[in-house]
Amino acid sequence: MKNLFLATCIAAGVSVASPVWAIGGPGHGAYSPAMMSRATTLTRALAERIHFNEAQFIAVKQLHLNMLTERRDLEILLNGASAEERDTQLSWAQQRYESELMFLLKPQQLVAYQALRTNFTAHRVK
């Protein structure tokens with residue numbers, strides 16, 4: 001009886017839950033198509049200059065998605081705040097982004113990123 005119950009629970013769980021790869025990865029539904037497109041564009045622009053491997057490309061794209069989401073959330077949250085407070089919070093978000101990005105880069109990529117840093121930010125590509 002226990003085996004029948006266990007088998008039924010497993011079968012129900014498998015049939016109800018869709019696999020992560022079938023829906024486009026973890027958190028895929030949480031991002032708008034515009035945000036996904038922007039993250040892809042930012043990642044490709046950076047990859048053209050720094051040359052990521054595939055794993056780095058995926059990690060950097062997720063970093064861009066996180067950063068864009070955080071910026072959007074901060075802009076909503078700080079809608080009535082002073083310009084100084086908004087700038088401070090957005091500056092902290094930018095610093096977190098750069099810290100996480102530098103953790104993902106190899107030493108030669110880090111040197112290339114430092115050279116681009118004056119012309120490239122997460123929200124604007126020159």
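Here are some questions and answers about this predicted model.

Author: Two things before we start. This is a predicted model, where local features need pLDDT of at least 70, side-chain atom pairs count only at pLDDT 80 or more, and totals for chains, interfaces and linings use all residues. Residues are numbered from 1 along each chain as its sequence is written, and side-chain values use heavy atoms, with hydrogens and water left out.

Reader: What pattern does the protein chain follow along the sequence?

Author: Helices (H or I, at least four residues) and strands (E, at least two) are DSSP runs, numbered from the N terminus. The chain has five helices and two strands. Read along the sequence, the pattern is α-α-α-α-α-β-β.

Reader: Is Gln56 buried or exposed, and which side chain does it join in a polar contact?

Author: Gln56 sits in helix α3, and it counts as buried because its relative accessibility is 8%. Contact means heavy atoms within 4.5 Å, and leaving out residues up to four places away in sequence, Gln56 touches Leu104, Leu105, Lys106 and Gln109. A polar contact is a pair of N or O atoms within 3.5 Å; within protein, one must be able to donate a hydrogen and the other to accept it, and residues adjacent in sequence count only if both atoms are side-chain atoms. Here the polar contact is 2.7 Å, and the partner side chain is Gln109.

Reader: Which residues does Glu98 touch, not counting those up to four places away in sequence?

Author: Glu98 belongs to helix α4, residues 83-104. Its relative accessible area is 11%, so Glu98 is buried. With residues up to four places away set aside, it touches Tyr113 and Arg117.

Reader: How far apart in space are Ala47 and Val60, C-alpha to C-alpha?

Author: Ala47 lies in helix α2 and is buried, because its relative accessibility is 16%. Beyond its neighbours within four places in sequence, Ala47 is in contact with Phe52 and Phe57. Ala47 and Val60 are 13 residues apart in sequence, and the C-alpha to C-alpha distance is 9.2 Å.

Reader: And His51, what is its phi near?

Author: His51 is in the loop between α2 (33-50) and α3 (54-77). It counts as exposed because its relative accessibility is 59%. Its phi is positive, in a residue other than glycine, and near 60 degrees.

Methods:
Buried means under 20% relative accessible area, exposed over 50%, partly exposed in between (1.4 Å probe, protein chains only).
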